[in-house]
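Subject: Handover of a structure and its findings

Dear colleague,

Please find below the structure that I am handing over to you. My notes on it follow directly after it.

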Amino acid sequence: MSSVIWRIVGGVLNVGIVLLVAPLGQGVLRKVTARVQSRQGPPLWQPYFDLLKLLGKEDIESGETPRMQRFAAYLSLATVLAVACLVPMGFASPMNGAADIILLIYLLTLCGICTLLAGLAAGSTYSLVGASREMMSMIALEPVFAIALIVGALHTGSFRLDTVLNGSVYGTAGVPWSGLIMLAVMILSFQAFVQRVPFDISEAETELMEGPLMEYSGPKLALFKYAQMAKLVIYSALFVRMFVPWGAGFTFPLAGLVFWAMFWAKVAVVVLVVTLVAATHARYRIDQAIRFFAGMFAAALGALVLASYGY
Amino acid sequence: MSWLQNKFEKNFMISTVDYVFNWARKSALWPMTFGLACCAIEMIASSTARFDIARFGSEVFRPSPRQSDLMIVSGTVTLKMAPIVKRIYDQMPEPKWVISMGACSSVGGPFNTYAVLQGVDRIVPVDVYVIGCPPRPENLFYALLKLQDKIDTMSLAKRPTEVRLDESMMENFKRQVMVAQTMQPK
């Protein structure tokens, strides 16, 4: 019984942390981008203002099917927050025994499907183009993250969250070739998972006018923006737990706090790297991106074969 | 928030909510991406590294009117363009503001002709006018700060930006559009 209560408390804590930290991450991203472009940039807390302002604006439902639009907006933030409950944020995952990595993969795919739904429901030309681009990149990209998790599951022989999300990709006897390949693949395609600049093809502002989000205004746009900001934090946390987990997992109070701080420092480093790449690169065309994703997918499949032979 | 308007007297709670929301609103004015003439070049320059409109929280030029709060009418409004400008304004969600940038959009500028709207305030309510031909980015920033002062006086109980279309203005506009159309043989 008490374990159920702890699960709920831990889940709420995780969601709270993500909701609090996500806009700050976006603020750091915008500030650093500005400094790279030798600008002064907005204040660090600008995204909080943006979200609050959007929440107080009029909500125009101008798409073809407003009900679907509404559903997509609520679902996107809900899915991201559900993922937040599963990911260990410094301490053990709160939903440890209640969920496994299959659910994690499923929820991460649902995030992309929300964008698809939004684009299809809006029904304007730009949003349809955005939706088709999102669909193409999703089909090419989502398996890569799933393969990274499955490689870990193969090495440890378990689908449990705490086992797999603990550097399990390196869990072989000898040199972890499959883990190293997956690390390279994930670093190269990380911008695409968090929808940042070289791969923000589905909502390219300057050519597609935000694509699927075009018809959203006010509070629902705020929900989508919030989900996108939270995605950056959550994917960074997942990346840290899967590929650079060292120093975590201690439960002694003081040491636990130190390693909690270390975890968030690592997440901050990942966010900074994402920012620097985003600030210094131009957007790829969809065909270039698909070719790139196909290469990543092939490498990931190779890693999966290696993992199944125990390398 | 339209269902909340005019339902409350001014009291402590309302003023605090006002303060927080106004703070967010004035710090995150997202302009609509469009330019009509040479003033637009100065507007674009205001987002470059030298001037950097991001310092005022307005760096996010939105491509869709559904997501923007601020319409910067930058340049000559011809009669052919006027209905489109009006339509963009109508598509923006409340609360929304308009800055009329430059002499042309404020009073027609040097173009007192059959083809030019004599001031954009004939079709949309303007909050701040900027003089200049064209105004420098600093002038635009001053207008932005003035607009922020104006937003500060906004309240859930009453909106001060309630400058709506005058019927006579609309009539005048329609007459001018008609003149323009008859001058243009089809």
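Is A:Y284 buried, partly exposed or exposed? A:Y284 is partly exposed, as its relative accessible area is 34%; here buried means under 20% relative accessible area, exposed over 50%, and partly exposed in between, with a 1.4 Å probe and protein chains only.

Before the remaining findings, a word on conventions. This is a predicted model, in which local features need pLDDT of at least 70 and side-chain atom pairs count only at pLDDT 80 or more, while totals for chains, interfaces and linings use all residues. Residues are numbered from 1 along each chain as its sequence is written, chains are lettered from A and ligands numbered from 1 in the order in which they are written, and side-chain values use heavy atoms, with hydrogens and water left out.

**Aromatic pairs**

Over all chains, the count of aromatic pairs comes to 14. Rings of Phe, Tyr and Trp (its six-membered ring) pair if their centres lie within 6.5 Å; planes under 30 degrees apart count as stacked, over 60 as edge-to-face and the rest as tilted. One of these pairs is formed by A:F199 and A:Y284: the ring centres are 5.4 Å apart and the planes stand at 40°, so the pair is tilted. The two residues are 85 apart and link distant parts of the chain, with A:F199 in the loop between α7 (177–193) and α8 (205–208) of chain A and A:Y284 in the loop between α10 (253–280) and α11 (286–308) of chain A. Helices (H or I, at least four residues) and strands (E, at least two) are DSSP runs, numbered from the N terminus. A:F199 counts as buried, at 9% relative accessibility. Ring pairs also bring in A:F292 and A:F293, which form a cluster with A:F199 and A:Y284.

**Other features of chain A**

Helix α3 of chain A (residues 66–86) has 21 residues. From its first C-alpha to its last, α3(A) reaches 31 Å, close to the 30 Å expected at 1.5 Å a residue, where the expected span is 1.5 Å times one less than the number of residues. Buried residues in α3(A) include A:A72, A:S76, A:L77, A:V80, A:V83 and A:A84.

A:A148 is found in helix α5 (residues 125–156) of chain A. A:A148 is buried, with a relative accessible area of 1%. Leaving aside residues up to four places away in sequence, A:A148 touches A:V169, A:M182, A:M242 and A:F243, contact meaning heavy atoms within 4.5 Å. A:F243 is 95 residues from A:A148 along the chain, and their C-alpha atoms are separated by 9.7 Å.

For A:S38, phi is about 50°; A:S38 lies in the loop between α1 (2–36) and α2 (46–55) of chain A and is exposed, with a relative accessible area of 54%. For A:Q195, phi is about 55°; A:Q195 lies in the loop between α7 and α8 of chain A and is buried, with a relative accessible area of 13%.

**Chain B**

Chain B has 6 helices and 3 strands, in the order α-α-β-α-β-α-β-α-α along the sequence. Of its 186 residues, 52% count as buried. Where contacts in chain B join residues at least 6 apart in sequence, 79% of them are between residues at least 24 apart.

Strand β2 of chain B (residues 97–101) has 5 of its 5 residues buried, so the strand is largely enclosed by the rest of the structure. In a regular strand the side chains alternate between the two faces of the sheet. In β2(B), B:W97, B:I99 and B:M101 point one way, and B:V98 and B:S100 point the other way.

Strands count as paired if DSSP finds at least two bridges between them. Strand β1 (residues 70–74) of chain B runs parallel to β2(B) and is joined to it by 5 bridges, with B:I72 partnered by B:I99. Strand β3 (residues 128–130) of chain B is also parallel to β2(B), through 3 bridges, and B:S100 has B:Y129 as its bridge partner.

Two peptide bonds in chain B loops are worth noting. The bond joining B:E94 and B:P95 is cis, with omega about -10°, and B:P95 lies in the loop between α3 and β2 of chain B. The bond from B:C133 to B:P134 is cis, with omega near -10°, and B:P134 lies in the loop between β3 and α5 (137–152) of chain B.

Yours sincerely
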